[in-house]
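I opened this entry to record what I looked up in the structure shown below.

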Amino acid sequence: MIFLTVNLTSWSDRWALAGISVLTVFVILIILVAVLQIFSTVAKKGAQLAKHGSRHEEDLLENATQADKAAVAIALHLYLSDQHDVESGVLTINNDTPSPWQFAEQNQ
């Protein structure tokens, strides 16, 4: 790693270094604010597109037949009922082989 050494013998050099440091911080802050504003505009455009997409989805829902709605309902029911496993509640832990933690306790 290369270290920059600065010989600050006079007060003008020290003030220049302090000014450059403060200027660097403010430039970085301005860049950060600009990036956040860009992200904000992109997010707003995404929200507007989502609103227009929901109108399209509402049109599809209005044009769907009873068979389409029934197929979606059955698919959702099968998907949601399959997510929860029924557990027996019985712990099956076999202590046939000792663990390394037991060896550490014995050696102390």
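I took helices (H or I, at least four residues) and strands (E, at least two) as DSSP runs, numbered from the N terminus. The model is predicted: local features need pLDDT of at least 70, side-chain atom pairs count only at pLDDT 80 or more, and totals for chains, interfaces and linings use all residues. Residues are numbered from 1 along each chain as its sequence is written, and side-chain values use heavy atoms, with hydrogens and water left out.

Fold. I found three helices and zero strands in the chain, in the order α-α-α along the sequence.

Surface. The chain has an accessible surface of about 10,800 Å² (Shrake-Rupley method, 1.4 Å probe), and carbon and sulfur atoms account for 65% of that surface. Of the 108 residues, 0% are buried (under 20% relative accessible area; exposed is over 50%, partly exposed in between).

Thr24. I located Thr24 in helix H1. Thr24 counts as partly exposed because its relative accessibility is 40%. A polar atom of the Thr24 side chain lies 2.7 Å from the backbone oxygen of Ile20.

Val22. I placed Val22 in helix H1, which covers residues 11–63. Val22 counts as partly exposed because its relative accessibility is 46%.

Trp11. I noted Arg14 over the face of Trp11, 5.0 Å from the ring centre; the criterion is CZ of Arg within 6 Å of the ring centre and within 35 degrees of the ring normal.

Note on methods: Buried means under 20% relative accessible area, exposed over 50%, partly exposed in between (1.4 Å probe, protein chains only). A polar contact is a pair of N or O atoms within 3.5 Å; within protein, one must be able to donate a hydrogen and the other to accept it, and residues adjacent in sequence count only if both atoms are side-chain atoms.
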